[in-house]
Amino acid sequence: MSDFAPQLHAAMRAARRAGEFLRAHFRTPLPVDEMLAHDIKLRLDKETQQLIEHELRRDYPNYAVLGEEGRRVAENQPEWIIDPIDGTVNYFYGIPLFCVSIALRVQGKVVLGCVYDPMQDECFCALAGGLATCNGREIRVSPRSQMRDAVVFVGHGTHDGSGAAGIERFAHISAQVRKIRILGTAALTLCYIAAGRFDAYIENRINLWDFAAAALILERAGGQFLFTPTDAQAEKGSVLAWNGALPLPQAANLPFEP
Ligand code: IPD
């Protein structure tokens, strides 16, 4: 369990540095690299990933990187999985719901996850086999077992068709639960379920960097995470995540499509 503790500390340090950088630029004019129908690519996305990689390279110069803003291939090396800003659209619109996500994958398994919310100064972490924590304190999923008591997140994806599927799912689930929420950041959503604040999350198509760290955190907090890949590299797919107590797979009862 503690084998990767030094790497987790390096990830936490890098995530906090990136968080400071993002806080400093929040609600300032931001250069846009690409404006898509349902997504925005900021220059800051790339700059934040560069900052994170720079921090991590100091201790781990040879590790591979798989990031939303580029990858570095290194055969037989552990691989950092990085989302420099999860919730870029929120960030751009001045909504303080976004985070930095860093995971480490070794021989196909995620061994650590760190998700940092710079606006709340909350750092969610887990090592494989260890406890899930927020700012050093153990977190656990909620015990809610009835759909009628649940608050569920339904993601509105950025890819063709997945937004429409999200809306269909929204209608189906909203009739069964207390509230539906859409936070706009998959990683933070999963960490909120891990911390027992909310209960479940459904999204049709998200990327590995959006959930790699947070899925481990959720699992170590007692939650369930079901990922159905839609590509051969298992880098994108649909997600069902919940506190482990709700009958979410039965309640969702909808086809998941790429
Ligand atoms: C997005 C967010 C959003 C989810 C999208 C992701 P990004 O990540 O996690 O909640 O619905 O599918 O692409 O682009 O802000 O890193």
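The C-alpha centres of domain 1 and domain 2 sit 19 Å apart. Domain 1 covers 2-138 and domain 2 covers 147-247 of the protein chain, with bounds that come from an automatic or database domain assignment. Keep in mind that this is a predicted model, where local features need pLDDT of at least 70 and side-chain atom pairs count only at pLDDT 80 or more, while totals for chains, interfaces and linings use all residues. Residues are numbered from 1 along each chain as its sequence is written, and side-chain values use heavy atoms, with hydrogens and water left out.

Domain 1 puts 36 residues into the contact and domain 2 puts in 23, contact meaning heavy atoms within 4.5 Å. The size of an interface is often given as the accessible area lost when the parts come together. Here the buried area is about 2200 Å², with carbon and sulfur atoms giving 65% of it; that is the accessible area (1.4 Å probe) that two parts lose on being put together, summed over both.

What about polar links across this interface? Eight residue pairs are in polar contact between domain 1 and domain 2, both residues at pLDDT 80 or more. A polar contact is a pair of N or O atoms within 3.5 Å; within protein, one must be able to donate a hydrogen and the other to accept it, and residues adjacent in sequence count only if both atoms are side-chain atoms.

On the side of domain 1 that touches domain 2, the elements giving two or more residues are strands S3 (64-67), S5 (79-86), S6 (99-106), S7 (109-117) and S8 (122-127). Strands (E, at least two residues) and helices (H or I, at least four) are DSSP runs, numbered from the N terminus. S7 gives the most, with seven residues.

Now for the salt bridges, each a side-chain nitrogen of Lys or Arg within 4 Å of a carboxyl oxygen of Asp or Glu. The rule finds two across the interface of domain 1 and domain 2, and the count for the structure comes to 15. Another joins Arg-13 and Asp-59 at 3.1 Å, N to O. Arg-13 lies in helix H1 and Asp-59 in helix H2 (residues 43-59), so this pair ties together parts that are 46 residues apart in sequence.

Helix H2 also holds Arg-58. Leaving aside residues up to four places away in sequence, Arg-58 touches Arg-13 and Arg-17. Arg-58 and Leu-190 are 132 residues apart in sequence and 29 Å apart in space, C-alpha to C-alpha.
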